[in-house]
Amino acid sequence: MFVCICRGVTEDEVNGYLDEGAITVDAIGDRCGAGEGCGTCLDRLDEMVCERAATCGLRRAVTAA
């Protein structure tokens, strides 16, 4: 299933980035561009990061643009 339609990123790809140590939404975006388009995928990416983290304390870093 696609997580990010804008960049064509699938859940399997995101899980691979999580396996490689990407522990934030920004780290995932740096690898594949997810979250840099319309932003609709940010909530799902955050869920995936949270599910993988030991606690839900690791959250997406909000940067001022």
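A residue is called exposed when its relative accessible area is over 50%. By that criterion C38 is exposed, because its relative accessible area is 58%. The structure discussed here is a predicted model. The protein has 65 residues, of which 34% count as buried. Three helices and two strands are present, and along the sequence they follow the pattern β-β-α-α-α.

**Overall surface and contacts**

- The accessible surface of the protein comes to about 4,100 Å². Carbon and sulfur atoms account for 50% of that surface.
- Among contacts between residues at least 6 apart in sequence, 48% join residues at least 24 apart.

**Helix α1**

- Helix α1 spans residues 11–19, and its buried residues are V14, Y17 and L18. Seen down the helix axis, these buried residues fall within an arc of 100 degrees, so they line one face of α1.
- The face of α1 turned away from the buried side carries the exposed residues D12 and D19.
- The cover over the buried residues of α1 includes the strands β1 (2–4) and β2 (9–10). It also includes the helices α2 (25–32) and α3 (42–52).
- After α1 comes G21, whose phi is positive, near 110 degrees.

**The nonpolar core**

- The largest nonpolar core has 17 residues. Those with the most contacts inside this core are V14, I28 and L45.
- The elements that give two or more residues to this core are β1, α1, α2 and α3.
- V14, one of the buried residues of α1, touches V3, V9, I28, L45 and M48, when residues up to four places away in sequence are not counted.

**The cysteines**

- How many disulfides does the count come to? The count comes to zero.
- A disulfide requires a pair of cysteine sulfur atoms within 2.5 Å.
- For C38, the closest cysteine sulfur is that of C6, at 3.8 Å, which is too far for a bond.
- For C32, the closest cysteine sulfur is that of C4, at 6.9 Å, and this is also too far for a bond.

Methods. Residues are numbered from 1 along each chain as its sequence is written. This is a predicted model: local features need pLDDT of at least 70, side-chain atom pairs count only at pLDDT 80 or more; totals for chains, interfaces and linings use all residues. Side-chain values use heavy atoms; hydrogens and water are left out. Buried means under 20% relative accessible area, exposed over 50%, partly exposed in between (1.4 Å probe, protein chains only). Helices (H or I, at least four residues) and strands (E, at least two) are DSSP runs, numbered from the N terminus. The arc is that of the directions from the helix axis to the C-beta atoms. Contact means heavy atoms within 4.5 Å. A nonpolar core is a set of buried Ala, Val, Leu, Ile, Met, Phe, Trp, Tyr and Cys residues joined through side-chain atoms within 4.5 Å. Accessible areas come from the Shrake-Rupley method with a 1.4 Å probe; for residues, only the protein chains shown count as cover.
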